[in-house]
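Please examine the structure shown here, with attention to its packing, its chain contacts and its charged pairs.

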Amino acid sequence: MSDSAQTPHADEVEREAADERPDEPDDESHVEPIETGADAVVSALKNAGVDHLFGVQGGAIMPVYDALYSESDMTHVTMAHEQGAVHAADAYGIVTGDPGVCMATSGPGATNLVTGIADASMDSDPLIALTGQVPTDLVGNDAFQETDTIGVTQPITKYNRFATSPDEVGDDVSTAFALADEGRQGPTLVDLPKDVTQPETDVEPGKPETPDTYNPPEKADAEAVSEAADVISDAEKPIILAGGGVIKANASDELRAFATEYDIPVMTTMPGTGAFDQTHELSMGIAGMHGTGYANMAITLTDCMLAIGTRFDDRLTGDVKTFAPDADIVHVDIDPAEISKNIEADYPLLGDAKAVLDQLSDAMTDAPDADAWREQCQTWKDEYPLDYEMPEDRPLKPQYIVEQFDEAMPDDTIVTAGVGQHQMWAWQYWTWTEPRTWVTSHGLGTMGYGFPAAIGAKLAKPDKEVIAFEGDGSFLMTSQELSVAVRENLDITIVVLNNEAVGMVRQWQDGFYEGRRMASEYPWVPEFDKLAEAYGARGFRLEDYDEVEETIEAALEYDGPAVVDAIIDPEENVYPMVPSGGDNSLFALSEDHLDEI
Amino acid sequence: MTGKLPGPGPGERMRPEGRRNEDGIRIDPEAEAKHEPRRAVLSALVEHEPGVLAEVSGLFSRRQFNIESLTVGTTVDESRARMTIVIEETRPGIQQAKKQLRKLIPVVSVRELDHDSIQRELVIVKVNGEEPDKVHAITEMYGGETLDAGPRTITVEITGNEQKIDDAIDAYKQFGIREIVRTGYAALARGEQQTAEVEPEVKLTADSQTPADDD
Ligand SMILES: Cc1ncc(C[n+]2csc(CCOP(=O)(O)OP(=O)(O)O)c2C)c(N)n1
């Protein structure tokens, strides 16, 4: 084991401390007696160690808000829109590892949460959604602000529950916590009819506990582990593909220890970014559609892939027929349904990534004999570095702006992003060294995610620097949350990589629709620096290379939300690129290559 | 920015030798192996609570499993219900259906039933009543029962496996069938075997190899 593997990560220490919270109910936390169903809900939240809630008030959820009125241990953050609340809570869950909580009223409040819940579901983020509901006797009657929230959210929650009794509602919320957190994390929802939260009860909620029918695996089968270890030892071209599951399982230290001990190159998926330090010589960067050329070459030519906590999303695999076609796949996952869903696993290891990496480490007999392969990987790194052209004068290159912020900010900075080209540039040109620092919408690809996520992340980790990269299109979708950032005086830097277009769409239109830019150019976006000022934040406009340094300095220095409206080259595109459903090794490095493949 | 030129273009890059099929399974590079779909009878024991049926059927439709029938009813234990789900899928599809089903919180156990399990369907057929004797003879032949007989219509019920029911319906066609309702399969494991027994493979390893998987 390397040194770093022995020293617990700072985040981890915090997480362990947080883990203990529910087991040690604070004596003072129940000074207020439980009088109503809503009190029981609040009590369950406290038992679960919640300190922040994100939401918007409304008729059906009012009893719960009322129960929070005299509550001093928890801070409710009123957001401008429920979508802001759910993304903030989601990010809170990502950076802390514990479920974030969002609240909304029935009907439109609940439906405004839907995108964020779907987002959390795709990315296996721990999230609790509490929604108000009309009184039970009105349910089914199309009552004012009624929506079948359970029906709507069933496909996008790990578990959802319509609360039916004030005596049980506290337990319902506790169960939602346990399920959001255990095994493969995910969103859970409790729908709270007003006639459940309002009436009297004195029943204390129990501790968060999962139902009997739910028992995620811990350790993988020992025999399967030893077989897999033999296959890895015998490999000549091994790689490790680290997915988001590595981060969720807090297994980054174990991953690093394993990789360095057996000298195996490591690449990450987009959600796995930060699981492995990119400055490490074994790092093969990021894989997939806009991953590095060298990672995608190695993926295609490996003979043994240790894939950990990844669901083999199509943006990663491209055409499954050409995905690691020579490789034995050792797939570690906590969710049996992920095994052989998209790519057949030759050696499935069902269990928690942290535990299984330890098991694998113990079972390994030899390091693979892979000098030639590592040399080959190095050659690819030299041949296909991430790169862009930078003329001396205007227009600004977005990649350069990302690099400059990266240089100016500490390693443990939390970076959030919206969805589009800016997200890909942030992903590619930031140097990722730590887990839980890359917060974006991976699976669902939700525009507008980045900025509210930055709010949640900052409130969760006030001591860390937080920067949000947004596109002009993405920022337009949730920029009203500036009111919240200003009210809470959050020290966040928002960088709008402004190309006056929904650039990623424009890029695809240019590449695959003969340049017909239907509905993708946005020459009417506001001046985002002025928009920021209107809300009471600081605004900067960045147009020239010689302003970059001082603007970055000023924005970072400003103690509060600062928006940098960076006017970038509107024609800049994201490369490398594997066209949708393509062969990963046939990535294009420019338009010219697109014609070739 | 490094100012380096890109390396070899797409055409000049190293190529792997292998290939997978569309299910992500490694195959002979020359062949494009495809799995043929087969019928699988899944039995799930679930918590008997509101919304479970919707959850299960929602899962099957959103994951595009090819569902033939789904029946549900209570068990000896009043808090539990049993669902019999017949699907037609390729081997990976059947595996995936079992695993996804198993993931639902109210689902207690999932099991694929062997070919020798007891599988029965009920059909109610309403035919024209002009030839009551002939209708009766066919009903007898298939071990069915007459539920209602009037001057213009005769309604019968038949239970059995799919083949028997298909044959009976064929035989009734001569009279003119007015209406039909079929329940879909209800099934139990044969003999001492427990239908709800959770196969250890389903829970603990990825790729449970139930006997039926090999065909
Ligand atoms: C909510 C939502 N609507 C539409 C899309 C489709 N879409 C994907 S990327 C993209 C462009 C994003 O534009 P912008 O935020 O300006 O970022 P850019 O690509 O220009 O950096 C769009 C419209 C999406 N991902 N999410």
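This is a predicted model: local features need pLDDT of at least 70, side-chain atom pairs count only at pLDDT 80 or more; totals for chains, interfaces and linings use all residues.

Me: How many residues of helix α3 of chain A are buried?
Reply: Helix α3 of chain A covers residues 37–47 and is mostly covered. Its buried residues include the charged positions A:D39 and A:K46, as well as A:V41 and A:L45. Just after the helix, A:G49 takes a positive phi of about 85°. Of the 11 residues in α3, the number buried is 11.

Me: Is A:T310 buried or exposed?
Reply: A:T310 is found in the loop between β10 and α14 of chain A. Beyond its neighbours within four places in sequence, A:T310 is in contact with A:L241, A:G243, A:T269, A:L316, A:H331 and A:D333. Buried means under 20% relative accessible area. Because its relative accessible area is 5%, A:T310 is buried.

Me: What is the area buried between chain A and chain B?
Reply: The contact takes 55 residues from chain A and 46 residues from chain B. A:T213, A:K321 and A:E344 supply 17% of the area that chain A buries against chain B, more than any other three residues. Carbon and sulfur atoms give 52% of the total buried area, which is about 4,000 Å².

Me: Which element gives the most to the side of chain A that touches chain B?
Reply: Between chain A and chain B there are 22 residue pairs in polar contact. Elements giving two or more residues to the side of chain A that touches chain B include β5, α13 and β11. With four residues, the element that gives the most is α16(A).

Me: Which residue of chain B forms a salt bridge with A:E344?
Reply: Four salt bridges are counted between chain A and chain B, one of them joining B:R26 to A:D328 at 2.6 Å, N to O. The side chain of A:E344 meets its partner at 3.1 Å, N to O. This pair crosses between chains, from the loop between β11 and β12 of chain A to helix α2 of chain B.

Me: Why are A:D510 and A:R506 separated by about one helical turn?
Reply: A:D510 forms a salt bridge with A:R506, with the closest N and O atoms 3.3 Å apart. A:D510 is partly exposed at 27% relative accessibility, whereas A:R506 is buried at 1%. They are separated by about one helical turn because both lie in helix α22 of chain A, at a spacing of four residues.

Me: How many residues apart are B:D166 and B:R182?
Reply: B:D166 and B:R182 form a salt bridge whose closest N and O atoms are 3.1 Å apart. B:D166 lies in helix α4 of chain B and B:R182 in strand β10 of chain B, so that the pair links distant parts of the chain. Their separation is 16 residues.

Definitions and conventions
Residues are numbered from 1 along each chain as its sequence is written. Chains are lettered from A and ligands numbered from 1 in the order in which they are written. Side-chain values use heavy atoms; hydrogens and water are left out. Contact means heavy atoms within 4.5 Å. Buried area is the accessible area (1.4 Å probe) that two parts lose on being put together, summed over both. A polar contact is a pair of N or O atoms within 3.5 Å; within protein, one must be able to donate a hydrogen and the other to accept it, and residues adjacent in sequence count only if both atoms are side-chain atoms. Buried means under 20% relative accessible area, exposed over 50%, partly exposed in between (1.4 Å probe, protein chains only).
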